[in-house]
Amino acid sequence: MAIVNIRFRKDLIEPILNGRKTCTTRLTRHGNKGDVFFVECKPYVLTSVQKVDLQEVALCDCLSEGFNSPHEFRVVWNQIYHGYDPGEKVWRHRFEEATA
């Protein structure tokens, strides 16, 4: 287990803290299963890290990403990464609040 630094946009902090966002997708890997990161001083543990197609995340994980639809996920992805390629390989990081 290691402590890793995963940064989030300010508008995605609240969905994490209230348990609505339990997944984050990135172009690069940001840790391994069991690693811990902090959001607003609360610890979260990575439960899985997998390389997947971006479209899989948009279609199957948009709710756990904290969005209401695949379209909403794609809009935010475009804002962050300036493009959306459904076949692009990305890293899906699933997480949960760490328990003592």
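The following legends describe close-up views of a predicted model of one protein.

Residue numbers count from 1 along each chain as its sequence is written, and side-chain values rest on heavy atoms, with hydrogens and water left out. Because the model is predicted, local features need pLDDT of at least 70 and side-chain atom pairs count only at pLDDT 80 or more, whereas totals for chains, interfaces and linings use all residues.

**Figure 1. Overall fold of the protein.** The protein has three helices and four strands, where helices (H or I, at least four residues) and strands (E, at least two) are DSSP runs numbered from the N terminus. From the N terminus on, these elements follow the order α-β-β-β-α-α-β. The radius of gyration, 13 Å, is close to the 13 Å that the globule rule gives for 100 residues, so the protein is as compact as a globular protein of that length. This radius is taken over C-alpha atoms, and the globule rule is 2.2 Å times the number of residues to the power 0.38. Along the principal axes, the C-alpha atoms fill a box of roughly 40 × 25 × 20 Å. Of the 100 residues, 40% count as buried; buried means under 20% relative accessible area, exposed over 50%, and partly exposed in between, with a 1.4 Å probe and protein chains only.

Figure 2. The strands form an open sheet with the order 1-4-3-2 and antiparallel pairing. Two strands are taken to pair if DSSP finds at least two bridges between them. Strand 1 (23-26) and strand 2 (36-39) are the edge strands, each pairing on one side only. Neighbouring strands are turned by 40° against each other on average, direction ignored. The angles are taken between axes, which are lines fitted to C-alpha atoms (for helices over the stretch in contact), and run from 0 to 180 degrees between N-to-C directions.

**Figure 3. Strand 1 and its partner, strand 4.** Strand 1 and strand 4 (89-97) run antiparallel and are joined by four bridges. Within this pair, C23 stands opposite R94 of strand 4. C23 and T25 point one way from strand 1, while T24 and R26 point the other way, and all are buried. H93 also belongs to strand 4. This histidine is buried, with a relative accessible area of 0%.

Figure 4. Strand 2 and strand 3 (residues 42-53) pair in the antiparallel sense over four bridges. V39 stands opposite K42 in strand 3, and V36 stands opposite V45 in strand 3. Two residues lie between the strands of this hairpin, where E40 takes a positive phi near 50°. C41 is found in the loop between strand 2 and strand 3. Phi of C41 is near 70°, a positive value in a residue other than glycine. C41 counts as exposed, at 75% relative accessibility.

**Figure 5. Loops on either side of helix 3.** Helix 3 spans residues 70-81. L63 lies in the loop between helix 2 (54-60) and helix 3, and is exposed, with a relative accessible area of 55%. L63 and F73 are 10 residues apart in sequence, and their C-alpha atoms are 8.8 Å apart in space. H82 is placed in the loop between helix 3 and strand 4. Phi of H82 is near 60°, again a positive value in a residue other than glycine. H82 is exposed, with a relative accessible area of 71%.

**Figure 6. The largest pocket.** About 200 Å³ of space lies in the largest pocket. A pocket is an open set of points on a 1 Å grid over the protein atoms alone where a 1.4 Å probe fits, with protein on both sides within 12 Å along at least five of seven lines; lining residues have an atom within 4 Å of a point. Grid points are joined across faces, edges and corners, and the volume is the space filled by probe spheres set on the points. The pocket is lined by 15 residues, of which L12, T24, T25, R26 and I80 lie nearest its centre. Strand 1 and helix 3 are the elements that give two or more residues to this lining. Helix 3 supplies the largest share, five residues. By class, the lining has eight nonpolar, two polar and five charged residues. Ala, Val, Leu, Ile, Met, Phe, Trp, Tyr, Cys and Pro count as nonpolar, Asp, Glu, Lys and Arg as charged, and the others, Gly among them, as polar.
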